[in-house]
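Me: Before we look at anything in detail, could you show me how to read the features of a structure like this one?

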2 protein chains.
Amino acid sequence: MKKLINDPADIVTDALAGMAAAHPELRVDLPNRVILRQDAPTPGKVGLVSGGGSGHEPLHGGFVGLGMLDAACAGEVFTSPVPDQILAATTAVDSGAGVIHIVKNYTGDVMNFEMAAELAAAETGTEVVAVIVDDDVAVQDSLYTAGRRGVGGTLILEKLAGAAAEQGRPLTTVADIARTANANSRSMGMALTSCTVPAVGKPTFELGEGEVEIGIGIHGEPGRSRVPLAPAREIAAMLVEPILVDLPFTKGDKVICFVNGMGGTPLLELYVMYNEVARILRGQGVEVARSLVGPYVTSLDMAGCSVTLTKVDDELLRLWDAPVRTPALRWGV
Amino acid sequence: MKKLINDPADIVTDALAGMAAAHPELRVDLPNRVILRQDAPTPGKVGLVSGGGSGHEPLHGGFVGLGMLDAACAGEVFTSPVPDQILAATTAVDSGAGVIHIVKNYTGDVMNFEMAAELAAAETGTEVVAVIVDDDVAVQDSLYTAGRRGVGGTLILEKLAGAAAEQGRPLTTVADIARTANANSRSMGMALTSCTVPAVGKPTFELGEGEVEIGIGIHGEPGRSRVPLAPAREIAAMLVEPILVDLPFTKGDKVICFVNGMGGTPLLELYVMYNEVARILRGQGVEVARSLVGPYVTSLDMAGCSVTLTKVDDELLRLWDAPVRTPALRWGV
């Protein structure tokens, strides 16, 4: 295992300390492993809290800031944050307008966010609404989930709900927008190589030199199938076609098209993939209204990519275009 | 070789087509392989042109836009763009206020940009000033250079000179700012793994499982030394200490601190490295005024990182903070 780390046991703490040093505009609660907006809680604003296992950076800590999350909880690598962390984040961002938990659909995450919501209600009377992200079309149940996994759509949901919260909309409205964003989003990923969990020290799975895994999860969970390495245009089709039929997306639909890198794949290849994805969408009459290309929802050092499509109307587009100022996503300010 | 590509011969064309599809706010001249601002030339504004071999994305095409470059020329992977490309870019961005060529110090790049400048002067009377970037402290001469290599400092220079050009400053002033940015910048990189050039199909060099290369170039050129894999804090010291003594940076200096990923290293590890770099700088009394963490000047799929420090005064800081709107770097708009 070759990684830029100190002790594998310290990787999350060290990275959070790095976040704190690099982003003085944020507040990092190191004991609780929570990244917060400096000004949290924002008076009158619904608080948005997300989090999950580390290893998917910039998700979620890199999306804390104006127009997106109020707080992110960092668990150990590929391990849910514990209820106490989530409770600390929830109470810290509650201005009285209530808090939304954005939870990727993994059994541990769902359970721990639920427990934290109950604790917050009991201890401080905070009203918490949970929105579950389950955008991955690859598999129905999987290693860590009942139902579909939450993957790239999480970013879309955090941006759209974050914009709505920033505009001062009430809890039920922001939660509805988050649910709509999830309902309108579909994703599928693939891996060229495994990731290596630092504490384990060896690849999570083995892939032959000529093999790729289609439908991989962001923790290296098995996908739909192993197929021979193929040109980008064929891989794009293997990802996009199951996404299109699933919602379904149809001719005339407007979408946000997000081509995501898994952590070990360079931008050059992601643009090659984007070109193929855009070509398929043009062929189907699906209009790309906005696009995003880069490593945003990663799986440690895994080489590979995922595609997320979100069907949008004018209101969702306005929320996407609204100002955002976070370490990883920023425009309009 | 496992990459998300079609034919290795088409990788640059395919990626440029992807850039064009993903960024309708830019103009991509596919035959010439030039990425341009949609509105080029901007009346009265000094034009900024850079470029180089592909494989370093988002450098340079991802830095085209308001407040940074007017055009970027994409060569084949790790190969200089040809004079005709650079000529096309130069004449396309010349509003009459002159054009600056920002050239990384590699023999082929320097020669081809020079030839293009002569052609532009002869054909259209365009006044061109070249500024060479040579910020890499690792080696004096190397595989592709006489003198030092241009690496991470290129981004800093493009941002600072780009801001000055956007403010309408004249050619000589913008060129002086670019030269100051270069003179104040020092970088050093390291690799955990080699990159693989698509047309070659195998790693450029071999590194043992327990080895890293310190002082690597962004094309996989040899560095200063091969050393055993070490904790992040020791690797940070191997990069930062030679940088500090070189300028030298001294107690009380203000710097922009840029921790760059080489393409195959995830953000989690870059923040671990940033934490160690920031710790060393604090210990030396060097003040980090601004920071940047991410994969911006890459070397295909190489795992590794580089550190760039740029000494800044209030004027350079204002230029850094000025609005920028490009695919890869954006703030203030």
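This is a predicted model: local features need pLDDT of at least 70, side-chain atom pairs count only at pLDDT 80 or more; totals for chains, interfaces and linings use all residues.

Me: At what angle do helix α2 and helix α3 of chain A pack?

Reply: Two packed helices are described by the angle between their axes and the distance between the axes. Helices (H or I, at least four residues) and strands (E, at least two) are DSSP runs numbered from the N terminus, and axes are lines fitted to C-alpha atoms, for helices over the stretch in contact, with angles running from 0 to 180 degrees between N-to-C directions. Here α2 (residues 83-93) and α3 (residues 107-124) of chain A pack at about 50 degrees, with axes 8 Å apart, and α2(A) and α3(A) are therefore oblique to each other.

Me: How do α6 and α7 of chain A cross?

Reply: The axes of α6 (residues 232-246) and α7 (residues 267-284) of chain A come within 9 Å and cross at roughly 50 degrees, so α6(A) and α7(A) are oblique to each other. The residues of this contact divide into 12 nonpolar, one polar and two charged, where Ala, Val, Leu, Ile, Met, Phe, Trp, Tyr, Cys and Pro count as nonpolar, Asp, Glu, Lys and Arg as charged, and the others, Gly among them, as polar.

Me: Are α4(B) and α5(B) roughly parallel or roughly antiparallel?

Reply: In chain B, α4 (residues 153-166) and α5 (residues 171-183) pack at about 160 degrees with their axes 9 Å apart, which makes α4(B) roughly antiparallel to α5(B). The contact of α4(B) with α5(B) has nine nonpolar, one polar and no charged residues.

Me: Where is there a cis peptide bond in chain B, and which residue of chain B has a positive phi?

Reply: Most residues other than glycine have a negative phi, and most peptide bonds are trans. In chain B a cis peptide bond joins A40(B) and P41(B), with omega about -5 degrees, and P41(B) lies in the loop between β2 (34-37) and β3 (47-54). R33(B), in the loop between β1 (26-29) and β2 of chain B, has a phi near 55 degrees.

Me: How much area do chain B and chain A bury between them?

Reply: The size of an interface is often given as the accessible area lost when the parts come together. Buried area is the accessible area (1.4 Å probe) that two parts lose on being put together, summed over both; chain B and chain A bury about 4,600 Å², 63% of it on carbon and sulfur atoms. In chain B, K2(B), L4(B) and L268(B) lose the most area to chain A, together 21% of what that side buries. The contact takes 55 residues from each of chain B and chain A, and 100% of the interface residues of chain B are also interface residues in chain A, so the copies meet through the same surface.

Terms used. Residues are numbered from 1 along each chain as its sequence is written. Chains are lettered from A and ligands numbered from 1 in the order in which they are written. Side-chain values use heavy atoms; hydrogens and water are left out. Angles under 35 degrees count as roughly parallel, over 145 as roughly antiparallel, 65 to 115 as roughly perpendicular and the rest as oblique. Contact means heavy atoms within 4.5 Å.
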